Amino acid sequence: MLARCSGAALVGLEAVEVAVEVDIAPGLPGLQIVGLADAAVQESRERVRAALRNSGLRPPLTRVVVSLAPADLRKQGPAFDLPIALAVLAASGQLNPELLQGIWCAGELGLGGALRPVRGALSLALAAHRHGARALLVPAANGAEAALVEGLRVWPAATLREALALLRQPPAGQPRTLASSDGRCDTAAPRGRDLAEVQGQAHGRRALEIAATGQHHLLLVGPPGSGKTLLASCLPGLLPPLLPEEQLELTQLYSVAGLLPDGHGLIQERPFRSPHHSCSAAALAGGGSSLRAGEVSLAHRGVLFLDELAEFRRDVVNQLRQPLEQGELWLSRARQRLRFPCAITLVAATNPCPCGWAGDPDHPCRCGTAQRLRYWGRLAGPLLDRIDLQVVMRRPRAQQLRPRLEPPHPSQAEGSAAVAERIAAARERMLQRNRDGLANGALSSRQLGQCGQFSPSALNLWQQAVEQRCLSARAAERLLRVARTIADLDACDAVEAPALAEALSYRSFDQPARGL
């Protein structure tokens, strides 16, 4: 007897329909899976047998062949346990095959028949809705995630027997109170530190405000203890809330990566990713044997913080060149090519030299010129060319740190709430002026010329600076984008020379030797 059930395989961020066909024929008892299945799928033979037996059902005592079509698509993970089990039950006469028509399902089976969550449930739900599925049957822990797709009936089940009961007696309505949806995942940081904790560092605070307004990349260079990490951790609290479509996109990305907590709905906070400097190129940019998303994609719509940037391997940080420019990352292999979004705000921090004290008036630097140049040589010029704001930070004095230890008083530094309000007003002006609602940091050359509104005095100063500093075309355009953001923060319609002059003050390391 032949039975069929619908499942799905993850290909990048999308789910592709897979037809699970089961044929029972005379022969020695055994279950064979064909269709380019990996080890996790092949091991479902033992999980399905044990789950059927321990759920009070009868495993077929004959030859069973399971085909996963299309046969040339690689299937990975344990999500095929549930469709295989249901198709086996239908083929053995223990379940009416008509009940599986139009039903998509996915889930990992425990040996006792419990249904365990799988990754990519949101992508599976989107694909099921797109193909007109009658309902989607998933583990209970994936119910809230799958129910985010409007117009799709989701049936959450905790065990195999509960899944059979849902098939035989479908619920009348769509449950909507499956779990909370506070949106916090285990790798998304809270809103960050408050900017009031940063004492002094007026130049760095202003650069952070500009980066949050126009989505500009930021490099902080200073000695140990100058507040680089503290300043970077304040950025999430300055960014605007995620739009609904951005929440859905980010939730799908984290679901496919397997980082979405069980029972949670939409991610409502922007991610803050901070990989260690010992991470590999595949960990940062993505890849591996199964082409998973890397840190740069997991920071999509949020902040990627690279602390100790000069300690990263050169071949690792060079993976960021195209993603920073294009806002997306293509991973290509011999048999497939996948796209991962990575519209990020990069914040990098590093010491000015190996010992960390170059330029500090109280700690003499022990590094020679050759050592400093070799240290900065780890950061390729094309990477620095793509960083809009390059800020030199100095070690704060004791009188600047003292307000942290005293009760609040009128001279305390401005907090994140007040700065965020100013950023929100500037972003509203920026998005109303720019076409397609793009931030200044994402404008193309043509869009920059159409929406920039640069005064003749600003363009004259810009031309002079480009010639004197020998800036590349990319760096020259980024200079104009930063000046446009500064004008938006100052509520100016046109970009005047003072805004361009301030933007020039944030280009400290176009030539590393000059910045040292």
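Which residue of β16 does L331 stand opposite? In this predicted model, L331 faces L338 of β16. Let's look at that pairing, then at the chain around it.

Strand β15 covers residues 328-332, and strand β16 covers residues 337-341. The two run antiparallel and are joined by five bridges, while a hairpin of four residues connects β15 to β16.

L329 and L331 make up the covered face, whereas E328, W330 and S332 sit on the uncovered one. In a regular strand, side chains alternate between the two faces of the sheet.

## The chain as a whole

Stepping back, the protein chain has 516 residues, and 52% of them count as buried. Its secondary structure comprises 22 helices and 18 strands, and the C-alpha trace spans about 85 × 50 × 45 Å along its principal axes. If we take the contacts with a separation of 6 or more, 74% of them involve residues 24 or more positions apart.

The accessible surface amounts to about 22000 Å², with 52% of that belonging to carbon and sulfur atoms. As for charge, there are 57 positive and 48 negative side chains, and the centres of these two sets are 4 Å apart.

Helix α6 runs over residues 160-168, and its buried residues are L160, A163, L164, L166 and L167. These residues cover an arc of only 160 degrees around the axis, so they lie on the same side of α6.

## A buried glutamate

E295 belongs to helix α11, which covers residues 295-298. Is E295 buried or exposed? Its relative accessibility is 16%, so E295 counts as buried, the cut-off being under 20%. Leaving aside residues up to four places away in sequence, E295 touches R273, P275, A283, L284 and L304.

## Backbone features to check

Most residues other than glycine have a negative phi, and most peptide bonds are trans. Here are some exceptions to look up in your viewer. The peptide bond from A69 to P70 is cis, with omega near 5 degrees; P70 lies in the loop between β4 (63-69) and α3 (81-91).

E308, which is not a glycine, has a positive phi of about 55 degrees. E308 lies in the loop between β14 (303-307) and α12 (314-317) and, at 25% relative accessibility, counts as partly exposed. For Q453, phi is near 55 degrees, again a positive value in a residue other than glycine. Q453 is in the loop between α18 (445-451) and α19 (456-469), and its 39% relative accessibility makes Q453 partly exposed.

Note on methods
Residues numbered from 1 in each chain as written. Predicted model: local features only at pLDDT ≥ 70, side-chain atom pairs only at ≥ 80, totals over all residues. Heavy atoms only, no water. Buried < 20%, exposed > 50% of the residue type's maximum accessible area, 1.4 Å probe, protein only. Contact = heavy atoms within 4.5 Å. Areas by Shrake-Rupley, 256 points an atom, 1.4 Å probe, with all protein chains shown as cover. Lys, Arg positive; Asp, Glu negative; His and termini not counted. Charge placed at Lys NZ, Arg CZ, Asp CG, Glu CD. Arc of directions from axis to C-beta. Pairing = 2+ DSSP bridges.
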